[in-house]
Amino acid sequence: MSTPWRIAGINFDHMHMGDLLRMVHEHPGAELVGICDEQPPRMETAARNFQVPRERIFTDYRACLERTKPDLVILCPAAAEHGLWTQRVAEFGVNVMVEKPFAASLAEADAMIAAQRATGKLLAINWPLRWVACYVATKRLIDDGTIGEVIEFHHYGGNRGPLFHSADKIELTPTAEDKARSWFYKRDRGGGSLLDYAGYGATLGTWFQGGRKPIEVTCVADAPAGLEVDEHSVIVCRYAQGLSKIETRWGTFTDPWTIQPQPLCGFTIVGSEGTIAAHDYSETIRVQTRAHPQPAEWPVEELRPPFQNPIQYLLHVLEGGEFERGPLHPEIARIGQQIVDSAVRSARERRTVALVE
């Protein structure tokens with residue numbers, strides 16, 4: 001493209017906005033034309049880090065969109081407001097990327113899909129683990145038939161908690177008052193580890209299985225005393241071919257991007273002809289096959305442009321590249337949302353439920 005793609009970041013509820021704006025800032029074919037949030041202090045770090053001039057900083061999203069005319073908008077609102085913000089931005093007919101999770105409910109996800117479909121523009125849901133090299137390698141080996149047909153997957157995912165770090169994984173020390181104020185701990189805003197993190201396992205697990213859907217879902221969630229949301233959940237999905245498990249945890253002993261906690265955060269994929277164990281940010285994956293049952297460490301290849309991060313990838317798509325049927329695609333992300341919605345219902349009703357349609 002002869003001129004840079006114009007990108008704006010709107011709503012800084014989620015700390016990942018800073019990470020995503022850094023990707024924009026570092027992309028030679030992108031221009032950060034505006035940032036917007038109703039609370040100016042939340043934009044200060046990004047404005048400083050990326051040298052955003054005052055005339056490109058907004059508190060009104062309409063003014064931001066009207067004046068900057070972006071090609072792509074990054075949205076990072078609280079989970080329960082993904083639908084609201086997607087529909088607001090859809091009025092301006094621009095491509096949209098929403099940071100995970102997809103939404104706080106399947107109905108909200110479907111409204112987002114419909115809003116963007118009406119504009120003819122792209123809707124993508126970013127799952128940061130999609131850009132971890134060991135999971136790209138895992139998917140490649142699955143597609144190559146190395147472990148045969150996928151029969152089951154197991155995911156353990158989480159971290160010390162959403163308030164223990166900011167953008168760029170800068171460590172923080174939250175207080176009880178911080179929890180009380182944060183949307184991550186408010187039920188009506190889509191808080192809780194189940195809504196925040198189970199989508200990783202549900203969505204990437206669906207990707208690893210080529211888009212399969214479970215038949216029914218069973219979930220148990222634990223909400224500690226004094227909190228209105230859960231910090232730990234276990235989901236069992238029954239598929240036609242067997243069972244898979246998704247476990248989420250706010251409160252791991254350490255963060256997986258610094259020191260892997262125990263249990264290890266990551267995926268184990270079981271196939272008809274072998275297995276793969278891949279752990280968050282690992283430089284190797286552990287593979288065993290029927291021909292070589294002794295597990296062996298396989299090195300992970302470094303990711304290369306335009307497949308290193310979501311900004312590179314989506315600009316590649318906007319320039320005519322294929323929008324793969326993967327975690328960012330609404331079709332796969334919607335199945336992940338179906339699993340999460342079913343898990344929420346199962347935990348609330350304390351019973352196994354059919355997959356929510």
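Six strands form an open sheet in the order E3-E2-E1-E4-E5-E6, with parallel pairing (two strands pair if DSSP finds at least two bridges between them). Strand E3 (57-58) and E6 stand at its edges with a single partner strand each, so one side of each is left without a neighbour in the sheet. Another open sheet has 9 strands and mixed pairing, in the order E14-E13-E12-E11-E7-E10-E9-E8-E15; its edge strands, E14 and E15, each pair on one side only.

This is a predicted model, in which local features need pLDDT of at least 70 and side-chain atom pairs count only at pLDDT 80 or more, while totals for chains, interfaces and linings use all residues. Residues are numbered from 1 along each chain as its sequence is written, and side-chain values use heavy atoms, leaving out hydrogens and water.

**The chain as a whole**

- The protein chain has 10 helices and 15 strands; helices (H or I, at least four residues) and strands (E, at least two) are DSSP runs numbered from the N terminus.
- Its radius of gyration is 20 Å, close to the 21 Å from the globule rule for 357 residues, so the chain is as compact as a globular protein of that length. The radius is taken over C-alpha atoms, and the rule is 2.2 Å times the number of residues to the power 0.38.
- The C-alpha trace spans about 60 × 50 × 40 Å along its principal axes.
- Of the 357 residues, 53% are buried (under 20% relative accessible area, with a 1.4 Å probe and protein chains only).
- Among contacts (heavy atoms within 4.5 Å) with a separation of 6 or more, 67% are between residues 24 or more positions apart.

**Around the parallel sheet**

- E4 and E5 run parallel and are joined by 4 bridges, with Val-73 opposite Val-96 in E5.
- Helix H1 (residues 16-26) lies across E1, strand E2 (30-36), E4, E5 and E6, at about 150° to E2. Such angles run from 0 to 180 degrees between N-to-C directions, with axes fitted to C-alpha atoms, for helices over the stretch in contact.
- Helix H4 (residues 82-90) has His-82, Gly-83, Trp-85, Thr-86, Val-89 and Ala-90 buried.
- Those buried H4 residues pack against strands E1 (5-10), E4 (72-75), E5 (95-99) and E6 (123-126), as well as helices H3 (61-68) and H5 (106-119).

**Around the mixed sheet**

- E7 and E11 pair in the antiparallel sense over 6 bridges, and Phe-153 has Ile-269 as its bridge partner in E11.
- Strands E8 (residues 216-222) and E9 (residues 232-239) are antiparallel and share 7 bridges; here Ala-221 stands opposite Ser-233 in E9.
- E8 also pairs with strand E15 (residues 353-354), antiparallel over 2 bridges, where Val-217 is partnered by Val-353 of E15.
- Helix H6 lies across E7, E11, E12, E13 and E14, at about 165° to E12. Helix H8 packs on the sheet too, touching E7, E8, E9, strand E10 (242-250) and E11, and makes about 145° with the direction of E10.
- In H6 (residues 133-143), the buried residues are Cys-134, Tyr-135, Ala-137, Thr-138, Lys-139, Leu-141 and Ile-142.
- Cover for these H6 residues includes strand E7 (150-159), helix H8 (193-208) and strand E14 (296-299).
- After H6 comes Gly-145, with a positive phi near 85°.

- Beyond four places in sequence, Ile-285 touches residues including Cys-134, Ala-137, Thr-138 and Leu-141, along with Ile-276 and Trp-298.
- Ile-339 sits in helix H10 (residues 330-349) and is buried, with a relative accessible area of 0%.
- Leu-355 is 16 residues from Ile-339 in sequence, and their C-alpha atoms are 6.6 Å apart.

How values were computed:
Buried means under 20% relative accessible area, exposed over 50%, partly exposed in between (1.4 Å probe, protein chains only).
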